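Please read them with the model open beside you.

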Amino acid sequence: MDIIGKGVTRKDAWEKVTGQAIYTGDHKETKILHVKKVISPYGHANIKNINITKAEKVAGVRAIITGGNLPLTGEEIRDRYPIAQDKVRYHGEVVALVVADTPKQAKFAADSIQVIYEPLPVINSPMDAINPKYPLLHPDLDTYKKISEVFPEPGTNIANRTKIRKGDIKKGWQESDIIVEEKFSFSPSDHVAMETRCSLAEIRADNKVVISSSSQAPFMIKRLISDYFGVEIGNVIVNTPLVGGAFGGKASVQLELLAYIASKAVNGRLVKVENSREEDILTSPCHIGLDATVKLGCTKSGLLKIAEMTYLWDGGAYADKATDLSRAGAVDCTGPYNIENIWCDSLCMYTNHPYASPYRGFAHSEVLFAFERTMDSLSKKLGIDPLELREMNAILPGHSTPTQVQLNSSTVGNLPKCISELKKKMNWEEGQLVKINDNTIRAKGIACVWKTSTIDTNAGSGVILTFNPDGSVNVISGVIEIGTGTKTVLAQIVSEKLKMDIDHVKVQMDVNTQSTPEHWKTVASRATLMAGRAAIQAAEDALLQIKQLASIVLRAPVEDIDLGQERVYLRGDPEVGIPFNQLVYGYKYPDGSAIGGQIIGRGQYTIPHITNLDPETGAGKPGPEWTVGAQGVEVEYDINEYTYKIVRAISVIDAGRVLNQKTAEGQIMGAMSMGLAFGGRETFYFDNFGRVLNPQFRTYRPLRYGENPEYICEFVNTPQLDAPYGARGLGEHGLLGMPAALGNCLSLAAGIPLNQLPLIPELIWRGKKGSRL
């Protein structure tokens with residue numbers, strides 16, 4: 001391999017490091033109108049009156065839009081008006097829009113709108129939501145339009161229930177000598193991407209709806225705008241430039257709907273809806289919360305016999321993608337272990353919190369926190385080393401998943417090898433607790449991880465290759481560059497397949513749904529697999545065309561034509577050949593006559609054999625592979641102050657095959673940082689009105705510069721046979737075990753079970769003193 005596996009510089013690097021990169025919010029057309037939102041100050045309330053009299057008199061105001069006459073929206077359950085109608089169900093819900101000439105005018109007018117609310121009782125947790133004593137948030141649940149794969153329960157606050165029923169539960173408990181049960185909880189939090197969400201929209205005279213958006217899912221925007229508002233789908237054009245971080249939060253469709261509604265209210269004028277940081281935290285979809293119970297049974301030797309789990313997800317006020325998240329949590333509900341008997345109920349609950357969207361890991365880090373903490377409790381009760389317990393129960397080729405998929409080495413990789421490598425990196429033999437001085441100890445915690453993807457069964461990806469007169473090639477894909485470097489990997493794949501210099505492979509970063517082949521969504525660590533396979537097919541298509549043309553020019557059979565170093569030549573006589581640039585735009589003979597034309601390669605890929613889950617047992621194949629890994633965290637813990645410093649974080653992931661070493665390491669390390677912030681400090685704090693009390697960076701604290709530990713990243717290589725050059729998805733996996741490993745680490749250091757996130761010193765102090773947060 002000439003380019004696969006190398007640390008190639010990213011194709012988007014130069015314009016980003018020089019500040020020349022253009023993001024959605026950078027559009028500043030002179031005739032643009034600006035939209036400001038009026039949002040609810042309550043988590044649950046009736047809207048008694050909206051007085052817009054003062055706002056209408058503000059100079060520059062073009063339109064004021066309130067709820068009513070708008071369709072219900074929602075990707076899986078249509079339960080949400082884009083602008084609240086009669087009632088608000090979360091703090092930050094949009095109740096009105098103001099369109100004005102300048103942002104200042106729009107803001108002044110929005111602040112002038114007077115809304116009278118009647119506060120209602122609030123559901124502040126999934127446990128409250130399942131209690132029939134609390135209010136019913138969606139009494140019309142049975143009337144909402146929904147997809148067939150979601151199972152709401154009318155008359156309750158359950159938006160979706162996913163069941164996993166594998167093996168014989170009664171037999172599993174009978175065979176168990178040791179039983180542990182633990183409960184866990186954490187509140188919703190935020191993605192805090194560097195770029196806040198932003199959307200622009202205009203409706204042109206020819207009825208074309210043109211939207212520019214900071215989004216991971218432009219083709220879903222196109223589809224939903226058409227579905228919700230009755231616009232002919234061919235008339236919806238969505239543009240997405242570079243995206244400044246997303247982490248799942250920009251996979252949901254929200255501001256795009258508001259931009260369309262606002263543009264329609266001003267006769268199709270170009271409008272811009274851009275979140276402030278506080279709005280991005282409050283009003284747009286967030287990271288899901290969870291209340292969980294995990295019960296495990298095993299033999300005296302530590303062999304797992306049964307797992308019984310209940311996951312209550314904090315889906316927030318509206319279903320949106322939370323129902324899908326609850327389904328994903330059920331699919332991999334046990335962690336990467338061979339367990340014959342499994343019972344799991346995964347419920348998406350309506351609460352009066354901001355509604356949830358995907359978050360890097362798609363419900364897996366959340367489930368793994370609960371399950372891996374319980375595994376440590378089990379190892380403590382057994383008196384077995386926690387890594388040894390995991391190694392003896394590791395899922396292997398020949399075993400089956402909770403959804404009853406039979407695995408092989410291609411689909412699951414090598415977890416025991418990941419564990420073995422982690423032991424070495426963590427110097428495990430020196431012990432989990434090491435005394436540094438009278439006040440400080442060093443503690444080590446670990447977790448094992450796995451993840452598959454619960455994407456749509458018909459999700460596809462397309463790639464087009466076009467050649468330039470100089471012989472260089474353009475890669476056109478619907479993958480969004482959200483910081484993962486995926487389009488650079490696509491360039492590497494094309495470079496390898498065409499045996500071209502990587503600098504001669506040009507990549508189109510922007511996506512336009514009218515001219516770019518569709519990629520379902522840039523989510524779920526699926527871009528390299530799906531777009532990579534499409535890129536290989538497109539390259540092979542182009543190669544065949546080039547060879548066919550060359551066979552005519554060189555007067556030789558196609559099978560005798562080879563290529564390399566941007567030349568096409570005879571296999572048996574490499575001196576007889578033609579440079580690429582004389583073929584890829586057609587060939588011109590010495591007398592001026594020509595044959596052929598511009599070479600255009602095309603490829604498409606849809607993952608085969610993905611199925612829906614059986615609604616009663618959960619049986620089905622949700623994804624093509626399960627990426628596995630082992631992770632560890634080391635902290636220095638102050639036994640007197642209950643504070644800690646994270647010293648090292650380690651990941652060993654079975655990557656199948658690494659396509660770009662530096663990009664892969666960057667992805668894993670960045671994800672590890674997010675996982676430690678999620679586990680150690682990030683959360684929403686709610687009051688009795690369901691209000692988020694910390695919607696600014698002064699009070700909502702991700703990890704900041706200088707606060708990160710040393711990151712160590714290693715890869716195991718067990719190729720996934722149907723993936724491009726054997727590469728497994730990696731974008732999310734560095735995050736998955738970090739909260740659990742940190743929880744295991746600190747529980748050991750503090751000598752108490754820590755089953756609530758975030759793991760702040762106050763939580764440890766209260767646990768030691770016997771009180772609760």
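**Notes on the predicted model**

1. The model is a predicted one. Strand β2 (residues 45–51) and β4 run antiparallel and are joined by two bridges. These strands belong to an open sheet of three, in the order β4-β2-β6, with antiparallel pairing. At the edges are β4 (87–88) and β6 (114–119), each of which pairs on one side only. As background, strands of a sheet pair through backbone hydrogen bonds.

2. Helix α16 covers residues 661–680, which is 20 residues. Its first and last C-alpha atoms are 28 Å apart, close to the expected 28 Å. Of its 20 residues, 15 are buried, so the helix is largely enclosed by the rest of the structure.

3. How many disulfides are there? The count is zero. To be counted, two cysteine sulfur atoms must lie within 2.5 Å. For Cys-286 the closest cysteine sulfur is in Cys-348, 11 Å away, which is too far for a bond. For Cys-745 the closest is in Cys-448, at 15 Å, again too far. Cys-286 is buried, with 0% relative accessible area, and Cys-745 is buried too, at 0% relative accessibility.

4. The largest nonpolar core has 117 residues, and the members that touch the most others are Tyr-311, Phe-371, Val-635 and Tyr-637.

5. Pro-358 sits in the loop between β17 (356–357) and α10 (364–382). Is Pro-358 buried or exposed? It is buried, at 5% relative accessibility. Beyond its neighbours within four places in sequence, Pro-358 is in contact with several residues, among them His-191, Phe-247, Lys-321 and Leu-325. Asp-324 is 34 residues from Pro-358 in sequence, and their C-alpha atoms are 8.6 Å apart.

6. Leu-730 is also a loop residue, placed between β32 (710–716) and α17 (733–736). Its relative accessible area is 13%, and it is buried. Leaving aside neighbours within four places in sequence, its contacts are Ser-525, Ile-653, Ala-655, Ala-664, Ile-668 and Phe-715. From Leu-730 to Glu-181 is 549 residues in sequence and 32 Å in space, C-alpha to C-alpha.

7. There are 18 aromatic pairs in the structure. In one of them, Tyr-90 and Tyr-355 have ring centres 5.8 Å apart and planes at 80°, so the pair is edge-to-face. Tyr-90 lies in the loop between β4 and β5 (94–100), and Tyr-355 in the loop between β16 (341–350) and β17, so this pair ties together parts 265 residues apart in sequence. Tyr-90 is buried at 2% relative accessible area, and Tyr-355 is buried at 0%.

8. Why is the pair of Phe-229 and Tyr-260 called tilted? The planes of the two rings are at 40°, with the centres 4.6 Å apart, so the pair is tilted. Phe-229 lies in helix α6 (residues 218–229) and Tyr-260 in helix α7 (residues 255–265), so the pair ties together parts 31 residues apart in sequence. Both residues are buried: Phe-229 at 18% relative accessibility and Tyr-260 at 5% relative accessible area.

9. Ring pairs also link Phe-184, Phe-186, Tyr-359, Phe-369 and Phe-678 into a cluster.

Methods
Residues numbered from 1 in each chain as written. Predicted model: local features only at pLDDT ≥ 70, side-chain atom pairs only at ≥ 80, totals over all residues. Heavy atoms only, no water. Helix = DSSP H or I, 4+ residues; strand = E, 2+ residues; numbered from the N terminus. Expected span 1.5 Å × (residues − 1). Buried < 20%, exposed > 50% of the residue type's maximum accessible area, 1.4 Å probe, protein only. Pairing = 2+ DSSP bridges. Core = buried A, V, L, I, M, F, W, Y, C linked by side-chain atoms within 4.5 Å. Contact = heavy atoms within 4.5 Å. Phe/Tyr/Trp six-rings, centres within 6.5 Å; stacked < 30°, edge-to-face > 60°.
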